[in-house]
Amino acid sequence: MELIISKLSKSFHELPVLNDVSLHLVSGNIYCLMGPSGSGKTTLFRILLGLLDADSGEINGLKKKRISAVFQENRLCEAFTPAENVTMVMPPSAGNHKKAVEALGRLLPAESLNRPVSTLSGGMKRRVAIIRALSVPFDMVIMDEPFTGLDENTKQLVISYIKEACKNKLVLISTHQEEDVQLLNGIKIHL
Ligand SMILES: Nc1ncnc2c1ncn2[C@@H]1O[C@H](COP(=O)(O)OP(=O)(O)OP(=O)(O)O)[C@@H](O)[C@H]1O
């Protein structure tokens, strides 16, 4: 897919947040959106997800495209296990539980897979949220600071997983870490 954002602007109560933002994004790439706190990364994501209207500008290329997302908050169902959180978003199929457990087992300790998400650490919850987002059929995935709460080694594992699960997809990730751009083989976008 090709996503073309043209002259997108958004203000909140006279405070300009996005000012004539234009981007051309193509499937098969990982784009790393960088910018100081408050520069409008989450605002741009919310507009792309249809959760917020821009004041002006145009977005083309989203028609009939499926967008998945990791929000800044995990938005998991806390009373359910990681496997249940993941299977509940998959299109119905007999092998779903096995597939979910396999994916989760790559990034989380086996003992954590069958207890309620409410009992997991922050970093474990983050990994469940990432796997869930990549377990739905999608054309584009948006991830808002996905590596929050992950130690260096775990981040590398998660990045390998993302690269594998997102082949030929359009990936847009916000991060404050310059090193993430290299680890992801990403294309940097400054807001
Ligand atoms: N619903 C809202 N009402 C008023 N102001 C808002 C609203 N949403 C965001 N803002 C303001 O817009 C600016 C950009 O916020 P946004 O969350 O998009 O930044 P960000 O780049 O994602 O920041 P961070 O890196 O801290 O997550 C901030 O000044 C914020 O206070």
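**View 1. Helix α1 and the ligand shell.** Helix α1 (residues 41-48) contributes three residues to the shell around the ligand, the most of any element; helices (H or I, at least four residues) and strands (E, at least two) are DSSP runs, numbered from the N terminus. The model is predicted: local features need pLDDT of at least 70, side-chain atom pairs count only at pLDDT 80 or more, and totals for chains, interfaces and linings use all residues. Residue numbers start from 1 along each chain as its sequence is written. Surrounding the ligand are Phe12, Val17, Gly35, Ser37, Gly38, Ser39, Gly40, Lys41, Thr42 and Thr43, where a residue is near a molecule if its C-beta atom, placed from the backbone, lies within 6 Å of it. This shell has two nonpolar, seven polar and one charged residues; Ala, Val, Leu, Ile, Met, Phe, Trp, Tyr, Cys and Pro count as nonpolar, Asp, Glu, Lys and Arg as charged, and the others, Gly among them, as polar.

**View 2. Burial of helix α1.** Six of the eight residues of α1 are buried, namely Lys41, Thr43, Leu44, Phe45, Ile47 and Leu48. A residue is buried if 20 or more other C-beta atoms, placed from the backbone, lie within 10 Å of its own, exposed if 12 or fewer, and partly exposed in between. After α1 comes Gly50, with a positive phi near 80°.

**View 3. The five-stranded sheet.** An open sheet with parallel pairing has the strand order β5-β6-β7-β3-β8; two strands pair if DSSP finds at least two bridges between them. Its edge strands, β5 (67-70) and β8 (187-190), each pair on one side only. On average, neighbouring strands of this sheet are turned by 20° against each other, direction ignored. Axes are lines fitted to C-alpha atoms, for helices over the stretch in contact, and angles run from 0 to 180 degrees between N-to-C directions.

**View 4. Strands β3 and β7.** Four bridges join strand β3 (residues 30-34) to strand β7 (residues 170-174) in the parallel sense. Opposite Leu33 stands Ser174 in β7.

**View 5. Helices on the sheet.** Helix α1 lies across β3, β5, β6 (140-144) and β7, and runs at about 150° to β6. Helix α4 (residues 122-133) also packs on the sheet, touching β5 and β6, and its direction makes about 180° with that of β5. Two residues are in contact if their C-beta atoms, placed from the backbone, lie within 7 Å.
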